[in-house]
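Q: I'm new to this one, and I'd like to learn how to read its helices and strands. Could you walk me through it?

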Amino acid sequence: MVRFTCLASGSKGNSSVLTGGSTRILVDAGLSCRELFRRMELAGEDPRTLDAIVITHEHSDHVHGLAVTARKLGIPVYFTRQTHKAWVDQVTPKVKLTYAAWAEARRQEKLTAEAAAESAAEAGGAGDEGLAAGVPAMAEEPEEEGCEPEKTAKRAPSDLPQVEYFAAGESFTIGDVTVSPFTIPHDAADPVGFVFSAEGVRVAVATDLGYMAPNVSMQLRGSDLILLESNHDLEMLRDGPYPWSLKQRVLSRVGHLSNDGAAEYLEQGYDGKARWLILGHLSETNNMPELARIAAERALANHARLLGNRLMLANQYEALESICF
Ligand SMILES: [Zn+2]
Ligand SMILES: [Zn+2]
């Protein structure tokens with residue numbers, strides 16, 4: 001069975017659960033651990049059966065509950081190397097250093113990187129040696145397998161039970177699920193979207209898109225379910241309360257996809273194959289669900305089988321009904 005549950009989508013938190021065969025994956029952890037568990041249970045998903053967490057990018061609406069959730073469950077987290085580094089930098093408290101302490105930290109960092117490079121060379125580059133190189137010298141303790149939540153007080157905020165790296169454009173498997181990450185245009189270190197395949201079903205997650213880049217459109221082909229960003233209404237954004245600089249950011253080629261942007265894709269790029277389309281990452285300030293829906297429905301006029309209950313709108317406050325294949 002393949003099953004997809006969108007637990008939350010929007011600037012206050014993004015997270016979904018994808019089940020394929022006997023494997024269960026959390027896609028982003030943008031809610032607190034407690035809230036993630038609560039929504040999963042309400043949706044009939046047992047959090048303790050999660051096998052892994054995969055991360056699209058390091059923005060807080062995608063990683064807010066990451067460390068606590070991963071530690072509590074003792075499961076691996078999959079990032080690109082750059083996203084992991086950006087996340088570590090983000091959660092590591094900044095300390096002011098004297099010059100001598102800074103120089104010593106750099107020396108240690110160099111030694112750690114050299115040692116990691118050597119052990120990586122010895123081990124043939126397998127495993128997660130990259131973790132040691134990616135973590136700044138400040139990290140207090142080496143990573144441990146199977147952490148217990150009680151120990152978290154002593155841990156660095158970036159400590160995770162296990163880190164696995166992937167690269168955009170290179171598929172990998174987690175249990176019964178093949179995960180295909182692809183680059184998305186967005187202002188993060190190395191942001192990706194995902195296509196998950198299991199039992200012949202393809203589920204795509206594509207939010208946080210400055211625009212519908214050709215490679216993204218290609219990846220979405222043949223998907224049975226697409227979670228697609230429909231972030232803002234252009235007029236609401238233009239006339240809304242955001243400061244000019246933030247409006248520019250949202251509108252930029254590395255910002256967010258508008259209702260019109262999503263509609264243009266649905267009209268011109270979309271292959272009409274999906275059984276389900278979920279519009280997500282709707283802005284609360286610069287959009288209204290009805291505007292997003294109308295824009296998509298208009299664009300889908302030629303793909304009538306997607307109308308009606310097959311078009312869903314995700315939100316930040318509650319999980320959507322699970323979709324099963
Ligand atoms: Zn983002
Ligand atoms: Zn986001």
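**Helices first, then the sheet**

A: Happy to! The crossing of α10 and α11 is right-handed. Keep in mind that we're looking at a predicted model.

Q: What are the axes of α10 and α11 doing, in distance and angle?
A: In general, you describe two packed helices by the angle between their axes and the distance between them. Here, α10 covers residues 259-269 and α11 covers residues 289-299; their axes come within 8 Å and cross at roughly 20°. Angles under 35 degrees count as roughly parallel, so α10 and α11 are roughly parallel to each other.

Q: Which residues make the contact?
A: On the α10 side, look for Asn-259, Asp-260, Ala-262, Ala-263, Leu-266 and Glu-267. From α11 come Leu-291, Ala-292, Ala-295, Ala-296, Arg-298 and Ala-299. Sorted by type, the residues of this contact are 8 nonpolar, 1 polar and 3 charged.

Q: Now the strands: in what order do they form the sheet?
A: As a general idea, strands of a sheet pair through backbone hydrogen bonds, either parallel or antiparallel. In this case, 7 strands make an open sheet with mixed pairing, ordered β7-β8-β9-β10-β11-β12-β13. The edges are β7 (172-174) and β13 (311-313), each pairing on one side only. On average, and ignoring direction, neighbouring strands are turned by 20° against each other.

Q: How many bridges join β10 to β11?
A: There are 4, and the two strands, β10 (residues 201-206) and β11 (residues 225-229), run parallel. To find your place, Val-203 stands opposite Leu-225 in β11.

Q: Which strands does α11 lie across?
A: That would be β12 (276-280) and β13, with α11 running at about 155° to β13.

Conventions: Residues are numbered from 1 along each chain as its sequence is written. Chains are lettered from A and ligands numbered from 1 in the order in which they are written. This is a predicted model: local features need pLDDT of at least 70, side-chain atom pairs count only at pLDDT 80 or more; totals for chains, interfaces and linings use all residues. Axes are lines fitted to C-alpha atoms, for helices over the stretch in contact, and angles run from 0 to 180 degrees between N-to-C directions. Angles under 35 degrees count as roughly parallel, over 145 as roughly antiparallel, 65 to 115 as roughly perpendicular and the rest as oblique. A crossing is left-handed if the near helix is turned anticlockwise from the far one by less than a right angle, and right-handed if clockwise. Two residues are in contact if their C-beta atoms, placed from the backbone, lie within 7 Å. Ala, Val, Leu, Ile, Met, Phe, Trp, Tyr, Cys and Pro count as nonpolar, Asp, Glu, Lys and Arg as charged, and the others, Gly among them, as polar. Two strands pair if DSSP finds at least two bridges between them.
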